[in-house]
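Open the structure in your viewer and keep the selection panel at hand. We will go stop by stop.

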Amino acid sequence: GGGEMAFTASQVATILCEAWSSSAKMRLDTLLMTMASDVRISSLDSGAVLARGHAAVEKGWAMAPEGGGKAEAVQSVYVEGKDKKMPTLVLHIYPPGASPGLTPRGLASKGGDVALAALFRVANSKIDHIWLSKDVPPEGAFPGKEALVSSDLWSRVLAVAGESAGRGPTFHFNDYASQEDALGLGLGSTSTAVSWS
């Protein structure tokens with residue numbers, strides 16, 4: 001039907017991270033609800049398919065029934081095309097250990113020990129594809145928008161976005177890392193958000 005609320009990639013990926021971070025008994029059900037039954041998880045770097053379908057996801061996450069630790073992106077880029085019927089995408093950049101059970105090699109019961117980029121594609125309010133990359137620029141740090149969009153990672157993201165979101169996409173960059181006030185001076189308490197197309 002046409003009446004129900006459609007969720008964007010940004011919203012669904014956030015629900016995934018919140019469900020991963022929770023210790024609720026029904027956690028796995030919520031995680032699976034965010035994904036299409038034929039979800040594919042692949043390497044953004046090689047294109048290889050790492051896992052496919054709910055059964056593979058359940059198996060990959062089976063070791064973490066009680067919560068896999070906090071999943072939180074430090075940066076995201078939301079991608080939407082002009083045609084609202086097309087899928088939307090969101091790129092999440094996770095610090096080491098902070099992904100929702102994703103690693104460059106696929107699924108894991110903990111959030112991996114390297115910084116990770118995950119590109120989620122959402123159609124009909126469900127994640128139908130996740131692309132994973134450890135190629136987070138610059139090595140180990142979290143790039144600002146300029147460093148990100150000039151990286152190898154970004155060229156791969158654009159290739160997927162062109163196929164998935166259709167022509168003329170708009171990009172919305174958010175940097176949540178700046179919320180952390182390292183010096184305790186009350187500085188940088190807001191995220192930086194930039195949009196372009």
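A salt bridge here is a side-chain nitrogen of Lys or Arg within 4 Å of a carboxyl oxygen of Asp or Glu. Keep that cut-off in mind for the charged stops. This is a predicted model.

**Stop 1: a pair to start with**

Select Lys84 and Glu80. They form a salt bridge, with the closest N and O atoms 3.9 Å apart. That distance counts because the limit is 4 Å. Lys84 is exposed, because its relative accessibility is 64%. Side chains of opposite charge can pair when their charged atoms come close.

**Stop 2: another pair**

Go on to Lys145 and Glu146. Their side chains meet in a salt bridge, at 3.8 Å from N to O. Glu146 has a relative accessible area of 55%, so Glu146 is exposed.

**Stop 3: a link across the chain**

Now pick Arg156 and Asp45. Their side chains form a salt bridge of 2.9 Å, N to O. Which parts of the chain does this pair link? Arg156 sits in helix α5 (residues 152-164), while Asp45 lies in the loop between β1 and β2 (49-52). The two are 111 residues apart, so the bridge counts as joining distant parts of the chain. Arg156 is partly exposed, because its relative accessibility is 24%. Asp45 is also partly exposed, at 35%. In total the model has 5 salt bridges.

**Stop 4: the largest core**

Hide the charged side chains and turn to the nonpolar ones. The largest nonpolar core has 29 residues. Select Met35, Val57, Trp61, Leu102, Phe120, Ile127 and Ile130, which have the most contacts inside it. Colour the elements that give two or more residues to this core: α1 (9-21), α2 (27-33), β1 (35-43), β4 (88-94), β7 (116-123) and β8 (126-133). Which of them gives the most? It is α1, with 7 residues.

Zoom in on Ile127. Leaving out residues up to four places away in sequence, Ile127 touches Val12, Leu16, Thr34, Met35, Ala36, Val39, Phe120, Arg121 and Val122.

**Last stop: confidence**

Colour by pLDDT. The protein averages 84, and 84% of the residues score at least 70. Then select residues 180-189, where the pLDDT is below 50. Beyond near neighbours in sequence, this stretch has 7 contacts in the model. Where pLDDT is low, the predicted coordinates should not be read in detail.

Key: Residues are numbered from 1 along each chain as its sequence is written. This is a predicted model: local features need pLDDT of at least 70, side-chain atom pairs count only at pLDDT 80 or more; totals for chains, interfaces and linings use all residues. Side-chain values use heavy atoms; hydrogens and water are left out. A nonpolar core is a set of buried Ala, Val, Leu, Ile, Met, Phe, Trp, Tyr and Cys residues joined through side-chain atoms within 4.5 Å. Buried means under 20% relative accessible area, exposed over 50%, partly exposed in between (1.4 Å probe, protein chains only). Helices (H or I, at least four residues) and strands (E, at least two) are DSSP runs, numbered from the N terminus. Contact means heavy atoms within 4.5 Å. pLDDT is the predictor's confidence in each residue, from 0 to 100.
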